[in-house]
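Let's read a model together, one feature after another. Keep the structure in view as you go.

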Amino acid sequence: MVECGECLGTDERNGVHHYLLPVVLMTLALWVRLTIAPVQAGLQYLTFFPAVALSCILGGYRAGLVAVIIGATCATYIFTPPYYSFSIESFQASLWSNTVFFMDGLIVSFAVEAMHRYRQKYASELKTAEESAAWLRIASVAFESQEGIMITDSKGRILRVNKAFTESTGYSVDEIIGQTPRLLKSNRHDSAFYAAMWESITRSGSWQGEVWDRRKNGEIYPKWLSITAIKDADGNVTNYVGTHTDISERKTAEEEIRNLAFYDPLTQLPNRRLLQDRLQHAMSSTERNRKGGALLFLDLDNFKSINDTLGHTAGDNLLQQVAQRLTSCVREDDTVSRIGGDEFVVMLEYLSNEVLEAAAQAETIGEKIIAELNQPYYLGGQELYNTPSIGITLFDDNRNGYEDLFKQADIAMYQAKKSGRNTLRFFDPKMQGSINTRVALERELRKALDSQQFRLHYQIQVDSSGLPFGVEALIRWLHPERGLVPPFEFISLAEETGLICPIGEWVLETACKQLKLWERHELTQDLIMSVNVSAKQFYQSDFVVKVLEAIHRHDVNPSLLKLELTESMLLDKIEDTISTMNALKAVGVRFSLDDFGTGYSSLQYLKRLPLNQLKIDRSFVRDIAVDSSDEAIVSTIIAMAHSLNLDVIAEGVETDEQKQILLNKGCIHYQGYLFGKPVPIEQLEVMLKQDCLC
Ligand SMILES: Nc1nc2c(ncn2[C@@H]2O[C@H](COP(=O)(O)OP(=O)(O)OP(=O)(O)O)[C@@H](O)[C@H]2O)c(=O)[nH]1
């Protein structure tokens, strides 16, 4: 700009030049006229020369010429008569005078034309210079606009940035010049993103879009970026110009709008609208994924009285605490929403596709929520209690609209209120029935432990010659009204509720007590006692301690205790499993792998486990005589056990034929009805004596 101003100044000073040329030429013309032309024509010149000059100046070149011709004609006509004698002298004088006049006129005309042209050229140059200056002024103002601008060379090295750029990135001009835009990268975008950007710039010469960059202070922010390639006359890229607008504020505003539209401002939980949206989505995906889902409609009990006694603010505070507690009770995939007042809805996804199992899962979460919301609240230093009523309905497809589901859960919630509050109810009465049975069973199971309703039955294990070498301890529940309850009716419930741990400890304790008693008799002193251990029990942090305590408490030989583990439970945490097993194996405790063949049966992990025995699952033994694939599996298991130096025992042996086939394959230990059913200790002892007598 400065340079341009200087240039303009110089031109303005030089502007007078274009007048000099015509002045010089006209002076020359006057001199020519006065010195060369005959005196007789002087008056003629004095009359017409100013007219010609004026015509030229005012009318330009052509007008000048016309004036010269008219002037010359008039002069001939007006001034010739005094000499008009048709003498050769007067004709020559007139001709000479007019020629000189004509010459003068031409010189003046050309001089004026030259002056005009010079002036025009000068004026157009001046206009161009003024326009350029104006454009530069505009460009300069535009460069310092609100948008951040960065100009790089063709290699992407930054050449120039504006103030808005330095302000939004936090980098000073000195820090940024010479760097590449990589300095600004946030690492939020993958290489595919940048590849697409450059593909567009190369193809179309420009790109624009949203980019997350990093400011100098580390903050990551969104900006709207436009990149344009600048090319030279040959089409080669010389520069890139990047302009950006910081859109973090716009994003925040958008986020706020979104929050208001989809979230409850008090608790920040999803509101009814977002819940509906998620529910519709979940209803479709449960059908696709063959999973179940549940809607838990929750209303706080007597919440109004909290508002009335402690005030609305305390009520709000309680609602916020309820929101936090609810969120802590469910998985991240689940949705906790507040749909208004003291009403919350929890949507559970990825439940079992078996209705009753899904109901049990939903019930477990519902109970967890009730327990959590029953804990005291502290509002303004005051302790207070509140409870919820929960209605549950299940979904596994799109059959019912979400409005129907809401209605069902709401109806169930009112049932819960009617049943005295602080409880849950299912919409489906059948489901409610099975849940009631389960709840009753769980209550009784807890009681069973305290009132010693469990018993151990023992099933004998024999070798190939029929001699007993061990027994498996199997739990039975002697219910006061229902009689003997088989394990499959209560073990899975015990596992779900965690009751399996105290039950497992009781089994271990009772088995050790029995081992001690057997020590006294020759017939039983070498029997190995197999005890089943559940996954929950095995992975308790003090499992090893508890087993060792039981062994020491009853002072039994640890090598007579064999713990039966199942394949599936071992695979989860293989390293933990190995260290737990090693700790017990160090004192002599034995391990058998139960149900072998039904799981992954991977040699890789099998090798690493400090096992003593593999137990062939009864399902392979049952059809061993008729199903060749079962026979092949059994052969493989036996071969595998032998290659790992493990003992192998087959369970579920019921016939001589089965025993014989197993024996032929190299399996020499058996358990099954062929040798004895699980029986109480008294019967077992009778059996043992009989075997001995045989
Ligand atoms: N503090 C607070 N109270 C609210 C809000 N929205 C609704 N309420 C109050 O919540 C109460 C809801 O009461 P109800 O669920 O109808 O009745 P309840 O006292 O809980 O009794 P039951 O539901 O029958 O156990 C009403 O008193 C509403 O005024 C809110 O955002 N904050």
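**Reading the model**

A: Start with the record: an unreviewed UniProt entry lists residues 149-180 as "domain: PAS". UniProt positions are given in the numbering used here, the feature name is shortened, and annotations may be inferred rather than shown by experiment. Residues are numbered from 1 along each chain as its sequence is written. This is a predicted model: local features need pLDDT of at least 70, side-chain atom pairs count only at pLDDT 80 or more, and totals for chains, interfaces and linings use all residues.

Q: How far apart are the end C-alpha atoms of residues 149-180?

A: Helices (H or I, at least four residues) and strands (E, at least two) are DSSP runs, numbered from the N terminus. Here the ends lie 14 Å apart, and the span is 34% helix and 28% strand.

Q: Which residues are closest to the ligand?

A: A residue is near a molecule if its C-beta atom, placed from the backbone, lies within 6 Å of it. The ligand has 15 residues around it, and D301, F303, K304, G315 and G341 are the closest. β6 (292-300), α11 (303-310) and α12 (312-329) each give two or more residues to this shell. The largest share, four residues, is from α12.

Q: In what order do the strands of the open sheet run?

A: Two strands pair if DSSP finds at least two bridges between them. The order of the five strands is β7-β8-β6-β11-β12, with mixed pairing. At the edges, β7 (335-340) and β12 (424-426) each pair on one side only.

Q: In which sense do β6 and β8 pair?

A: β6 and β8 (residues 343-351) are antiparallel, over seven bridges. L296 stands opposite V346 in β8.
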